[in-house]
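Please examine the structure shown below before reading on.

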Amino acid sequence: MFKSIKLKIIIWFLAIFSIVFAGLELFLYYELEDVAIGFVDDHMRSEVDFLASILKVEEEHGQLEYELVEISQAATGEYAEKLSGHYYQIVSSEGEVLARSPSLALADAELPILPSTKEASFQTIVGPNKEPLRVMTRTTDFSIGPLVFIAGDSLKEPYKLLGSFRRIVLFVYPVVFFVCGMGIFIITGWALAPLKKFSTEISHITEENLDERVGEEETAVELKPMASSFNTMLSRLEASFERRKQFLSDASHELRTPTSIIKSYCDVTLGRDRTPEEYRTAIRKIGDTVNRMVELINRILVISRLDAKAIELKPVRIDLKEVIKDVLRLMESSAEKREIKIHTEGGEVNIRGDREGITEVFTNLVGNAIKYNRDGGTVWIRTGREDKMASVEVEDTGIGIPGEELDKIFQRFYRVDSSRGVTVGTGLGLSIVRSIVEAHGGKIEVKSEPGKGSSFKVLLPPGSCFLGGTFLKKGSPQTPFQRLLAVYLEEGDPLLREFHLSGGLPPQDSQKFLRGV
Amino acid sequence: MRILIVEDEKDLAGIVKQGLEEAGYVVDMAHDGEEGQYMAENFPVDAIVLDIMLPVVDGLTVLSNIRKKGIDTPVILLTARDALLDKVKGLDTGADDYLTKPFEFGELLARLRSLLRRKGQAKEAVIRIADLEINTASHEVTRAGKNIQLSAREYKLLEYLAYNADSVLSRTEIVEHIYHEDRDMDSNVVDVYINYLRNKVDKDFDKKLIHTVRGAGYVLREENP
């Protein structure tokens with residue numbers, strides 16, 4: 001229920017508004033009450049002062065007793081009216097009522113005698129006419145002893161004023177509440193409109209139109225960072241989608257050729273009756289082609305697993321020299337057949353890496369060095385160290401790669417023209433090599449001179465820190481940062497990749513780093 | 001009829017050649033664009049099966065080059081991509097038809113027949129000249145409803161004459177289109193086969209269809225009296 005920002009804003013606004021408004025009203029009410037009662041009090045005070053001053057004057061003339069009677073009778077105006085709500089009363093210290101206003105006398109009522117001091121004290125009581133009555137009591141010394149002056153003024157009028165104030169507030173409050181509520185409703189709607197527009201724009205982007213972008217220019221300043229990071233994310237998504245689509249299309253394209261060979265063999269062979277020898281030839285050809293397809297499919301699987309980081313690379317201590325020796329044992333016969341000499345140089349170089357993956361790398365590189373070599377050519381394999389990295393260089397005296405094709409050889413399904421008289425492979429080998437090397441946090445460099453030969457140099461960090469899936473898959477990602485990192489690596493964020501490739505963090509530190517965050 | 005296959009995948013080219021030869025065509029093969037273009041320009045081929053992805057020069061470039069030189073030999077493009085854009089581009093460049101790998105071999109044959117007919121202005125698989133009917137799909141030949149048994153060579157010769165009905169064909173032309181270049185053929189062999197054909201096609205009928213044009217060659221046509 002409180003998931004809505006708009007509702008939240010409205011509720012909070014109205015709550016704060018109600019409290020402030022109610023506080024203000026209460027404050028005003030009490031202020032008003034103070035002022036109104038203050039008027040009454042002042043009036044009574046001046047009345048008592050007046051009475052006391054008259055009595056003082058008369059006392060000097062020795063006419064105090066007379067004057068007290070006089071005061072009881074000779075009042076005018078409100079004080080002369082029976083129970084008018086304006087009273088006074090003078091009481092002796094013994095509690096005897098010496099004088100009272102006609103308004104009291106006519107109804108034979110008295111004001112209660114309250115404890116009194118020389119300072120005026122005020123109190124609100126129920127008056128003789130059942131009205132709320134404000135009374136003031138004060139003692140003044142006279143020759144006949146202290147006299148208590150009690151004055152009373154009805155609070156009917158001030159209460160009427162306060163009552164109408166209350167009524168006004170009670171009427172105005174809901175109206176103001178409603179108007180402000182509507183106002184804030186409209187304002188939040190208006191303020192949240194860009195967000196709504198933004199989310200509508202986003203919701204229109206599906207995998208079909210990943211090339212669209214959220215308009216950053218027309219977005220509100222507050223939403224710009226969001227729009228821009230959303231667009232960045234889209235770009236990465238699009239690129240990764242595009243890569244996958246391209247790979248799928250290339251893969252299906254590559255599979256079509258062997259499929260057509262098989263299909264044509266079946267169609268043509270079954271077109272008429274044949275001798276057993278003819279059938280054998282056809283089936284053999286189909287078998288060869290199927291083998292080719294299996295090889296291709298395996299490589300496609302390896303590539304897509306490497307892409308999805310689904311292959312778990314197990315880091316173990318490897319001597320690269322040892323790996324190359326193993327690879328050469330497999331390659332020897334094909335090299336001998338074409339009288340290609342293989343020289344190895346350099347000492348042992350240890351790294352931590354996945355044995356199978358690293359073996360695959362050098363099987364491909366040495367295999368290419370032999371395949372693309374001239375008969376009687378040479379292959380040099382040099383192991384060593386370079387900038388703290390382990391390096392292996394595989395150099396051949398083969399056909400070489402023209403400069404404009406150097407960038408492309410690592411692309412999937414890219415093959416140097418078969419017209420050069422070389423049997424072509426799947427076009428995936430070097431792509432797999434690069435993926436594995438990069439998964440180890442290493443890099444591969446190539447130099448070539450057409451007609452003279454090529455040289456591939458693999459650089460691997462001594463303690464390879466595995467990237468992405470391999471590393472994080474161990475336990476499923478736990479902290480949000482790890483998840484984020486996993487996503488980044490999944491998408492192959494170039495910055496992060498760069499960070500790792502530039503040496504990044506040594507494995508134990510990156511473990512710590514990840515645990516830290 | 002003589003077909004040129006331009007396909008870099010040697011296994012595929014080989015089996016297609018075998019299939020086409022068994023269907024009675026004479027087949028030339030090229031394994032890259034350059035070679036293909038040379039053969040298309042210099043060999044007397046009746047149709048070309050051209051792969052798009054070729055080394056050295058790609059198929060579309062070969063196609064546009066030969067069309068620029070005014071060679072209007074029918075071309076079927078072969079491609080591993082079934083993207084619509086490729087089809088449109090291919091047909092716009094001057095291809096007559098289009099096949100996506102992997103293809104049904106029977107479909108390739110049917111499309112080739114259709115292209116060869118289009119060249120000879122015939123619309124159906126059956127070519128009719130007077131009461132002679134040649135079914136190019138089943139290789140059955142009838143005259144006045146009567147079945148005529150022909151050898152493969154005889155059929156090839158008759159079919160070539162029929163596709164080019166009403167045009168006079170020289171002996172060299174005939175040899176080039178129905179025999180493979182690597183088998184050195186004396187053009188006199190044409191006379192021998194024309195003779196065989198006449199025996200089977202014309203002999204029992206009053207109306208002769210195979211005519212000798214003195215100093216030029218042979219023609220298959222219905223002569224109006």
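**Interface and cores**

Across the interface of chain A and chain B, seven residue pairs are found in polar contact, both residues of a pair being at pLDDT 80 or more. The elements that give two or more residues to the side of chain A that touches chain B are α5 (224–270) and α6 (276–307) of chain A. Of these, α5(A) gives the most, with 13 residues. The model under discussion is a predicted one.

The extent of this interface can be described in residues and in area. In residues, 20 of chain A are in contact with 20 of chain B. In area, about 1900 Å² is buried between chain A and chain B, and carbon and sulfur atoms give 54% of it. On the chain A side, H253(A), R256(A) and V268(A) together supply 29% of the area that chain A buries against chain B, more than any other three residues.

Charged side chains also take part. Five salt bridges are counted between chain A and chain B. In one salt bridge, the side chain of D11(B) meets that of K285(A), with an N to O distance of 2.9 Å.

The interior may be considered next. In soluble globular proteins, nonpolar side chains tend to be buried together. The largest nonpolar core in this model has 58 residues, and the members that touch the most other members are V16(B), L20(B), Y25(B), L108(B), L112(B), L158(B) and I174(B). Helix α6 of chain B, residues 152–163, gives the most to this core, with seven residues. Domain 1 (2–119) and domain 2 (124–220) of chain B each contribute at least three residues to the core.

L20(B) illustrates how one such member is surrounded. Apart from its neighbours within four places in sequence, L20(B) is in contact with I3(B), I5(B), Y25(B), V27(B), F105(B), L109(B) and L112(B). A second, separate core has 44 residues, including L296(A), I300(A), I318(A) and L428(A).

Is T378(A) buried or exposed? T378(A) counts as buried because its relative accessibility is 13%, and the limit for buried is under 20%. Leaving aside neighbours within four places in sequence, T378(A) is in contact with I340(A), K341(A), H343(A), N373(A), E395(A), D396(A) and T397(A).

Note on methods: Residues are numbered from 1 along each chain as its sequence is written. Chains are lettered from A and ligands numbered from 1 in the order in which they are written. This is a predicted model: local features need pLDDT of at least 70, side-chain atom pairs count only at pLDDT 80 or more; totals for chains, interfaces and linings use all residues. Side-chain values use heavy atoms; hydrogens and water are left out. A nonpolar core is a set of buried Ala, Val, Leu, Ile, Met, Phe, Trp, Tyr and Cys residues joined through side-chain atoms within 4.5 Å. Buried means under 20% relative accessible area, exposed over 50%, partly exposed in between (1.4 Å probe, protein chains only). Helices (H or I, at least four residues) and strands (E, at least two) are DSSP runs, numbered from the N terminus. Domain bounds come from an automatic or database domain assignment. Contact means heavy atoms within 4.5 Å. Buried area is the accessible area (1.4 Å probe) that two parts lose on being put together, summed over both. A salt bridge is a side-chain nitrogen of Lys or Arg within 4 Å of a carboxyl oxygen of Asp or Glu. A polar contact is a pair of N or O atoms within 3.5 Å; within protein, one must be able to donate a hydrogen and the other to accept it, and residues adjacent in sequence count only if both atoms are side-chain atoms.
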